[in-house]
Amino acid sequence: MQNPFKPTAGATPPDLVGRAGLLDEFEYGLRQGSGAPGLLTIITGSRGIGKTVMLSAAESIAREHGWAVISRTANPGFLAKVGDDMLRLLDELGDGPPTRKITAFSAAGFGVTTQLAPERIPDWRRTGEELLRLLDSKGTGLVITIDEIHAVDRTEISQLAADVQHFIRDGLPIGLIFAGLPSAVSDLLNEGVATFLRRADRINLHEAAIGEVTSSYKELFNEGDIDVPQELINEAAEATEGYPFLIQLVGYYLWMEAERAHSKLDQAGVRSAIAAAWRRNALVVVESALSDISDKDREFLDAMAEQEGPSTAAQIGNIIKSKPSLVSKYRNRLIAAGLIESAGYGKVDFAIPGLRDYLRQ
Ligand SMILES: Nc1ncnc2c1ncn2[C@@H]1O[C@H](COP(=O)(O)OP(=O)(O)O)[C@@H](O)[C@H]1O
Ligand SMILES: [Mg+2]
């Protein structure tokens with residue numbers, strides 16, 4: 001049996017730990033059709049918590065119900081690409097030769113990704129309507145998923161939201177799921193560019209419970225005929241802190257160790273797998289998260305790393321010698337970047353496991 005773990009961003013894991021029931025409302029919405037609340041959903045959570053994987057899970061559910069799916073990441077120009085996907089679906093699903101004379105929406109630039117030209121927006125909406133009516137006549141609909149909405153400017157998101165709202169008002173069968181970092185999503189909703197999105201269902205992803213990690217490991221190692229004592233499974237599960245990317249990393253290195261040791265894991269093997277997983281987590285998640293922050297943000301994080309648990313603004317202000325107003329500015333910026341999160345009144349803590357240890361070294 002091959003190593004089943006998938007320690008790669010966006011890769012669907014062998015077992016979706018701790019996510020049971022989260023997409024029930026969405027699935028129910030698919031059965032209700034146009035205007036059902038679950039068809040408008042926003043998934044939030046920190047890096048590596050499993051947002052992209054949840055989008056994939058929602059897409060599979062939609063396909064199982066016969067719905068068409070368009071899946072895009074919110075890069076500049078994504079709206080035009082969604083338009084191209086709609087044209088492609090129309091050609092695949094429509095009967096008879098296409099009568100449309102619409103050229104690809106993304107063909108505007110010379111190889112450069114550009115935003116959908118304003119004069120093309122009516123075409124985009126007409127194409128969407130045509131596709132949705134066609135799907136409606138077949139008793140299904142269209143689900144659009146947009147990943148990483150924190151990375152894109154507001155114009156395209158609000159345009160998409162406006163169009164989807166229009167489709168819903170016309171009773172057309174459309175679902176829209178976004179995923180992004182929590183604070184970016186809050187900003188988006190508060191700025192009022194897409195007020196109708198406030199009605200969306202919010203799924204805020206958290207770490208899984210350690211017990212669920214333990215049972216998942218137990219089952220997977222059983223299937224692979226790998227012999228590992230219960231207390232070592234517990235130790236490995238605890239080392240993941242319930243954090244999905246670490247669940248995959250630790251599992252992956254455990255499996256690798258077991259392959260080396262004739263399907264038997266002992267304490268030394270488990271500990272070295274855990275160490276390898278944490279090194280890799282630091283490299284992938286922590287370094288990429290730290291790569292684009294300012295020196296002052298870094299000082300803020302270093303000050304936090306001096307504490308054992310959550311830090312207060314006063315503690316941080318003392319160490320980095322900044323006024324409360326500045327501290328609060330850095331704080332908001334780091335929360336928006338998904339590096340820290342608020343931890344009770346006036347306190348903040350790291351949002352990425354391993355970040356404190358990494359900064360201390
Ligand atoms: N519920 C889960 N249980 C176990 N592993 C998961 C779960 N969700 C995601 N993963 C794993 O975690 C890693 C990060 O998932 P991803 O969806 O890319 O996170 P995000 O998009 O939030 O950064 C991947 O390796 C994925 O296989
Ligand atoms: Mg992702």
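Domain bounds here come from an automatic or database domain assignment. With those bounds, the shell around ligand 1 takes at least three residues from domain 1 (24-204) and at least three from domain 2 (210-289). Everything that follows refers to a predicted model.

So much for the domains; now for the site itself. Ligand 1 sits in the largest pocket, where 22 residues surround it. Lys6, Gly10, Ala11, Gly48 and Lys51 are the closest of these. Sorted by class, the shell around ligand 1 comes out as 10 nonpolar, seven polar and five charged residues. Two helices turn up in the shell with at least two residues each, namely α2 (51-64) and α9 (244-260).

Backbone atoms of the protein also meet ligand 1 in polar contacts. At aspartate 15, a polar backbone atom is 3.4 Å from a nitrogen atom of ligand 1.

Definitions and conventions. Residues are numbered from 1 along each chain as its sequence is written. Chains are lettered from A and ligands numbered from 1 in the order in which they are written. This is a predicted model: local features need pLDDT of at least 70, side-chain atom pairs count only at pLDDT 80 or more; totals for chains, interfaces and linings use all residues. Side-chain values use heavy atoms; hydrogens and water are left out. A residue is near a molecule or strand if one of its heavy atoms lies within 4 Å of it. A polar contact is a pair of N or O atoms within 3.5 Å; within protein, one must be able to donate a hydrogen and the other to accept it, and residues adjacent in sequence count only if both atoms are side-chain atoms. On a 1 Å grid over the protein atoms alone, a cavity is a set of points where a 1.4 Å probe fits but cannot get out, and a pocket is an open set with protein on both sides within 12 Å along at least five of seven lines; lining residues have an atom within 4 Å of a point. A molecule sits in a cavity or pocket if more than half of its atoms lie within 2 Å of its grid points. Helices (H or I, at least four residues) and strands (E, at least two) are DSSP runs, numbered from the N terminus. Ala, Val, Leu, Ile, Met, Phe, Trp, Tyr, Cys and Pro count as nonpolar, Asp, Glu, Lys and Arg as charged, and the others, Gly among them, as polar.
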